[in-house]
Amino acid sequence: MYIVQVASECAPVIKAGGLGDVVYGLSRELEIRGNTVEIILPMYDCMRYDHIWGLHEAYRDLSVPWYGAAIRCDVFCGWVHGRLCFFIQPKSQDNFFNRGIYYGASDDNMRFAFFSKAALEFLLRTNKRPDVIHCHDWQTGLVPVMLYEIYKWHGMANQRVLFTIHNFKHQGIGGVDILWATGLNNEEYYFQYDRLQDNFNPFVLNFMKGGIVYANHVNTVSPHHAWEAHYGSEGYGLGHTLHTHSYKFSGILNGVDYDIWNPEIDKYIPAKYTAETLENKVKNKKALRDRLGLRHDPEKPLICYIGRLDEQKGVHLVHHAIYHALLRGVQFVLLGSATERGINDWFWHEKNFLYSNPDAHLELGFNEELSHLIYAGADMIVVPSNFEPCGLTQMIGLKYGTVPIVRGVGGLVNTVFDRDYDENHPPEKRNGYVFQHTDFQALESAMDRAIGLWRYYPEEFEKLVLQGMAYDYSWKDPGAAYLGVYEYIRHR
Ligand SMILES: Nc1ncnc2c1ncn2[C@@H]1O[C@H](COP(=O)(O)OP(=O)(O)O[C@H]2O[C@H](CO)[C@@H](O)[C@H](O)[C@H]2O)[C@@H](O)[C@H]1O
């Protein structure tokens with residue numbers, strides 16, 4: 001099968017979070033299974049050019065209709081660790097992708113509406129006719145809309161679209177200008193409840209809703225989150241739309257790319273290890289402590305947090321976890337970045353406050369290399385999310401023998417099973433700790449259970465570590481599941 005991914009991220013060249021990991025990892029798995037995969041991305045000025053091999057111009061002066069005129073683009077092509085990627089570089093004063101950031105500009109809706117349009121125009125002009133166009137999150141929500149309403153009439157009637165939602169909270173909102181810019185035009189037609197009109201603000205269009213309405217199939221990234229979004233409040237206002245389209249909505253658990261996230265071959269960690277050579281893990285803990293200036297105390301376990309710092313991730317609990325760990329004589333390492341000013345200031349304050357503490361280190365910013373060492377060096381990883389469509393950090397933690405302590409939401413429910421209380425898995429299949437509520441006591445009790453086991457029952461703790469490492473959260477099963485969906489929509 002011939003699949004084109006249209007996305008705003010692809011790790012490691014463009015990675016703001018888990019979306020990048022998924023686009024890369026899934027594409028790799030699909031290729032291993034004999035499919036042809038191409039990835040279309042924006043050409044950001046701030047992406048990691050050092051991860052692209054053989055970058056060259058593939059198409060000059062692609063003319064992308066925009067506001068009744070056109071913006072010319074050059075399209076570059078190169079390999080990102082084996083994946084064939086096309087990068088769209090518009091040549092206009094809007095400077096859509098030369099902002100030094102991936103997201104967070106006031107005209108993000110225009111930037112990504114343009115990207116979606118340019119991706120389709122590129123396929124059209126180069127006569128690429130994939131069986132399936134797989135697009136991701138609100139940034140590409142207009143792809144199925146434009147495919148069905150415009151490009152279908154220009155020779156792309158056979159293309160099918162899968163729209164994957166990684167985060168319902170960010171939906172992409174725009175006014176009528178989006179319609180004029182993209183050539184969709186017909187205001188009355190699109191501002192309808194069963195098309196793009198936002199479910200709560202009748203005066204705006206909702207990109208993600210457009211993606212749900214027009215795609216041939218829609219999925220989110222874990223079965224439990226699909227349920228939460230459909231029946232609970234996790235759809236952030238799109239629950240009713242999902243209900244209307246429930247016949248084509250599902251949840252597919254993400255995978256982890258074990259070629260990158262695997263302590264046996266990880267090039268960023270000093271001591272490689274497997275379940276059979278687990279004793280080497282402690283050497284990484286030593287290296288981590290050395291690197292971050294933490295004291296070496298064999299009596300202290302080390303807990304980490306890796307992830308974006310925002311409301312989704314339960315920042316108040318992340319913050320509390322640091323001080324609760326210190327109170328219990330445990331070390332804590334945080335690697336995170338915040339885009340929101342208030343949260344950023346807050347964690348910078350904490351970082352300065354804990355600066356000379358030999359048991360805590362807060363690393364604020366994005367650091368892929370360091371994240372590997374932390375996964376390998378820590379004993380436990382805390383993921384206290386408010387909501388979590390899937391969550392990759394707990395799955396990576398499991399692979400590295402780092403016991404997850406998670407809140408029971410979204411994909412965390414599908415991947416972490418409480419050592420003491422899980423009723424659906426026998427004791428030998430349990431792999432971490434789960435708490436339910438968002439208050440401090442809930443988090444503390446789960447942390448205390450984990451810390452207690454590490455301190456007083458080290459053999460039991462090691463057993464739990466090994467049980468976690470035995471889980472296979474690779475792309476094997478999710479890859480097959482995605483192929484099943486592609487096949488299904490292709491022949492419908
Ligand atoms: N400061 C930092 N430095 C280095 N690396 C960092 C980092 N902060 C995060 N990372 C890395 O980025 C990834 C984050 O994965 P998450 O599952 O937390 O994704 P995120 O919430 O961004 O994405 C959304 O999409 C993904 C993919 O579908 C879903 O799993 C998730 O639930 C959903 O919220 C991990 O690989 C982690 O190691």
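I take helices (H or I, at least four residues) and strands (E, at least two) as DSSP runs, numbered from the N terminus. The model is predicted, so I ask for pLDDT of at least 70 for local features and 80 or more for side-chain atom pairs, while totals for chains, interfaces and linings use all residues. Residues are numbered from 1 along each chain as its sequence is written, and side-chain values use heavy atoms, with hydrogens and water left out.

Entry: annotated spans.
I looked up the UniProt features, whose positions are given in the numbering used here, with shortened names; such annotations may be inferred rather than shown by experiment. The unreviewed entry places "domain: Glycosyl transferase family" at residues 294–451. I find 39% helix and 20% strand in residues 294–451, with the end C-alpha atoms 18 Å apart. The unreviewed entry also places "domain: Starch synthase catalytic" at residues 3–243. For residues 3–243 I note 31% helix and 27% strand, and 28 Å between the end C-alpha atoms.

I located Lys15 in the loop between strand 1 (2–6) and helix 1. I use buried for under 20% relative accessible area, exposed for over 50% and partly exposed for in between (1.4 Å probe, protein chains only). Lys15 counts as buried because its relative accessible area is 12%.

Entry: ligand.
The ligand is surrounded by 31 residues, and the closest are Asp21, His166, Gln312, Lys313 and Glu388. I then went through N and O pairs. The side chain of Asn254 has an N or O atom 2.8 Å from an oxygen atom of the ligand. Arg308 places a polar side-chain atom 2.8 Å from a ligand oxygen atom. At Asn367 a polar backbone atom is 3.0 Å from a nitrogen atom of the ligand. The ligand taken alone exposes 720 Å², of which the protein buries 98%; I used Shrake-Rupley areas with a 1.4 Å probe, where for residues only the protein chains shown count as cover.

Which elements give two or more residues to the shell around the ligand? I list helix 1 (18–32), strand 12 (302–308), strand 13 (331–337), helix 12 (368–377) and helix 13 (393–399). Helix 1 gives the largest share, four residues. By class I have twelve nonpolar, 13 polar and six charged residues in this shell, where Ala, Val, Leu, Ile, Met, Phe, Trp, Tyr, Cys and Pro count as nonpolar, Asp, Glu, Lys and Arg as charged, and the others, Gly among them, as polar.

Helix 2 (residues 108–125) has 18 residues and spans 25 Å from first to last C-alpha, close to the expected 26 Å; the expected span is 1.5 Å times one less than the number of residues. Just after helix 2, I note a positive phi of about 60° at Asn127. Lys128 is in the loop between helix 2 and strand 6 (132–136). Is Lys128 buried or exposed? Lys128 is buried, because its relative accessible area is 16%. Its side chain makes a polar contact with the side chain of Glu38 at 3.2 Å. By polar contact I mean a pair of N or O atoms within 3.5 Å; within protein, one must be able to donate a hydrogen and the other to accept it, and residues adjacent in sequence count only if both atoms are side-chain atoms.

Methods:
Near = heavy atom within 4 Å.
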